[in-house]
Amino acid sequence: MPSLLSRGKIHMLEIENFKSFKGLQRIGPFFDFTAIIGPNGAGKSNLMDAISFVLGVTTAQLRGAKLKDLIYAFDDTDKEQKRTTAFVRMVYQLDNESEIRFTRTITSAGASEYRLDDTVVTWDVYNARLKSLGIHRNFLVFQGDVESIASKNPKELTGLIEQISGSAELKRDYDEFEKQKAYAEEKSALVYQKKKTMVMERKQKKEQKEEAEKHIRLQDKLKFMKKKHFLWQLFNLESDFVNTTEELEFNKKSREGVIEESETFKLEASKKKEEQAKHLEVVVLHEEKITEKGNKLDKNQPELLKLKEEMSRIRKKIEKGQKELCEKIERQRKHNNEIAKLRNDIKDLTAKMADVQEKSRNIGDQLKLDGNDLEEYYRM
């Protein structure tokens, strides 16, 4: 594809049995600006379809369900004559007046055949040649396209702009590069994560090694301390044995004195029990007296309860009266304020009324009304 596109124009169209064009028809030459006008049904749209067809537009955009629907047929009789082929040839003229012929044919099999000049080529080669000349299908505006564009939503308009600008054709490459980018990023993240994991594992192994060495040192220290502790325990056990033996001998000697003291305490305990029995008798007598006094007190209990209830009721009544008194004092204060305000308002209204009456008299004197008119004026 050249770096600078050659300028050119459509010089002529050759159409055979395409849509409403029966037989071989030559249309042209076209000028730099050409307008085709005519009444409805004259074939203006079919000429547009012919240009679109030779540029590779799909059948659906040419108002046909399949390619064979684009072959000329005036009525059912023409259809029975088995016209099975049709073509459109575009003569494209460059600035140097050289010409290139683009031909698209509908074959008898109902397929498209593409030719550059007289050479059969694939669609990719055909389309690449059109693009190399700067010829795109974006300049074709079909019937209803303007209305369709106006009714499109933002997403559809974006797709149309991408189609017109040609960026839509790069979507496949863009998506592929996006996949490659995502794969590369995923792979990079995986490698980074693996490296990070290895660094962490290395650090963890180093810490585990240091921990193991520390543990071995502590175990050796523990063994030494245990040995030292056991020797200390043996020394204490021997000392305790000697001391215990001496204490045992001492306790044997003092045991006899304790037995004698125990006998003395038993005698004193028996005397204390006798005294306790006497005190218990006194306690029983006092408890009986307490019971008797309690029974007398219970008889007077209902009257005390009634007095307490009456006192509680009187207190509540006093509290309620005080509350009502406060509310009435507050209402009286508000009423006094309202009365004072109303008196001031009455004074203001009285002054205003006097002023109005004075003005009305002056105006009445100036109007010079007589009889019924003057009475009606004062009434109003």
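This is a guided tour of a predicted model, stop by stop.

**Ground rules**

The model is predicted, so local features need pLDDT of at least 70 and side-chain atom pairs count only at pLDDT 80 or more, while totals for chains, interfaces and linings use all residues. Residues are numbered from 1 along each chain as its sequence is written, and side-chain values use heavy atoms, with hydrogens and water left out.

**Whole chain**

Start with the cartoon view. The protein chain has 8 helices and 6 strands. These are DSSP runs numbered from the N terminus: helices are H or I with at least four residues, strands are E with at least two. Along the sequence the pattern reads β-β-α-α-β-β-β-β-α-α-α-α-α-α.

Switch to the surface. The protein chain exposes about 31900 Å², and carbon and sulfur atoms supply 56% of it. Areas come from the Shrake-Rupley method with a 1.4 Å probe; for residues, only the protein chains shown count as cover. Of the 380 residues, 16% count as buried. Buried means under 20% relative accessible area, exposed over 50%, and partly exposed in between (1.4 Å probe, protein chains only).

**Aromatic pairs**

Select Phe102 and Tyr126. Their ring centres are 5.6 Å apart and the planes stand at 90°, so the pair is edge-to-face. Rings of Phe, Tyr and Trp (its six-membered ring) pair if their centres lie within 6.5 Å; planes under 30 degrees apart count as stacked, over 60 as edge-to-face and the rest as tilted. Phe102 sits in strand 4 (residues 99-106) and Tyr126 in helix 3 (residues 123-132), 24 residues apart. Phe102 is buried at 0% relative accessible area. Tyr126 is buried too, also at 0%.

Trp123 and Tyr126 make a tilted pair, 6.0 Å centre to centre with 35° between the planes. They are 3 residues apart in helix 3, so about one helical turn separates them. Trp123 is partly exposed, at 27%.

Ring pairs link Phe102, Tyr114, Trp123 and Tyr126 into a cluster. The whole structure holds 5 aromatic pairs.

Centre on Phe53. Which residues is Phe53 in contact with, leaving aside neighbours within four places in sequence? They are Phe18, Leu62, Leu67, Leu70, Val88, Arg104 and Ile106. Contact means heavy atoms within 4.5 Å.

**Backbone stops**

Most residues other than glycine have a negative phi, and most peptide bonds are trans.

Select Gly28 and Pro29. A cis peptide bond joins them, with omega about -5°. Pro29 lies in the loop between strand 2 (21-27) and helix 1.

Go to Lys19. Lys19 has a positive phi of about 55°. Lys19 is in the loop between strand 1 and strand 2, and is buried at 16%.

Next is Asp117. Its phi is positive as well, near 55°. Asp117 is in the loop between strand 5 and strand 6 (119-121). Asp117 is partly exposed, at 36%.

**Last stop**

Finish on Leu234, in helix 6 (residues 171-299).
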